[in-house]
Amino acid sequence: MRARQLTLGRTFGVAFDHGDDFFPALTQFCRENNLRSGYIPSFIAGFSEVDIVGACDRLDNPDAPVWSKVHLRNVEAFGGGTLAYDPDTSEIKPHIHVAVGIKEHSATGYTSHLLGARVQFLTEMLVIEVTHPQLQRTPQPDLFDVPLLRFV
């Protein structure tokens, strides 16, 4: 286990617009506000389409991460995650998980890692800045190169 006391900075309320591409809009928000590290305690969203990690096929190695995706349409979502900065690429590396329900199928639910989404009507979230230590996400070679959170 790794743990560090966090020094928190600014707190933002962020409302995405109908039709926004979720991750590019989140990246734009981070750049405009010079936010490099943070966490999203929760958010609510409507997505016209969403890609989450998942597989319908038998997994060759059930211990390995799943990199394939499931595409869903017309969902309501609840999620949260972290924002880490990659100094080598100057990019924000979000790690967000969601629980989604497909509206026209009795809110049938799916839960997984969010890969992409298009906002339908609204997405409302809180973003809490972490000013120290810097959060970074680096691949762990002995764990299938899964990018793990580090405190720098």
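**Domain, helix and cysteines**

Author: UniProt, in an unreviewed entry, lists residues 6-152 as "domain: PPC"; positions follow the numbering used here, feature names are shortened, and annotations may be inferred rather than shown by experiment. This is a predicted model, where local features need pLDDT of at least 70, side-chain atom pairs count only at pLDDT 80 or more, and totals for chains, interfaces and linings use all residues. Residues are numbered from 1 along each chain as its sequence is written, and side-chain values use heavy atoms, without hydrogens and water.

Reader: How much of residues 6-152 is helix and how much strand?

Author: The span is 7% helix and 63% strand, and its end C-alpha atoms lie 11 Å apart. Helices (H or I, at least four residues) and strands (E, at least two) are DSSP runs, numbered from the N terminus.

Reader: Which residues of H1 are buried?

Author: In H1 (residues 22-32) they are Phe22, Phe23, Ala25, Leu26, Phe29 and Cys30. Buried means under 20% relative accessible area, exposed over 50%, partly exposed in between (1.4 Å probe, protein chains only).

Reader: And what's on the face turned away from the buried side?

Author: Exposed Arg31 and Glu32.

Reader: What covers the buried residues of H1?

Author: Strands S1 (7-16), S2 (38-53), S3 (69-86), S4 (91-102) and S5 (108-132) are among the elements that do.

Reader: Different topic. How many disulfides?

Author: The search of the whole structure finds 0, counting pairs of cysteine sulfur atoms within 2.5 Å.

Reader: Is Cys56 buried or exposed?

Author: Exposed, at 80% relative accessibility. Cys30 is buried, at 1% relative accessible area.

Key. Contact means heavy atoms within 4.5 Å.
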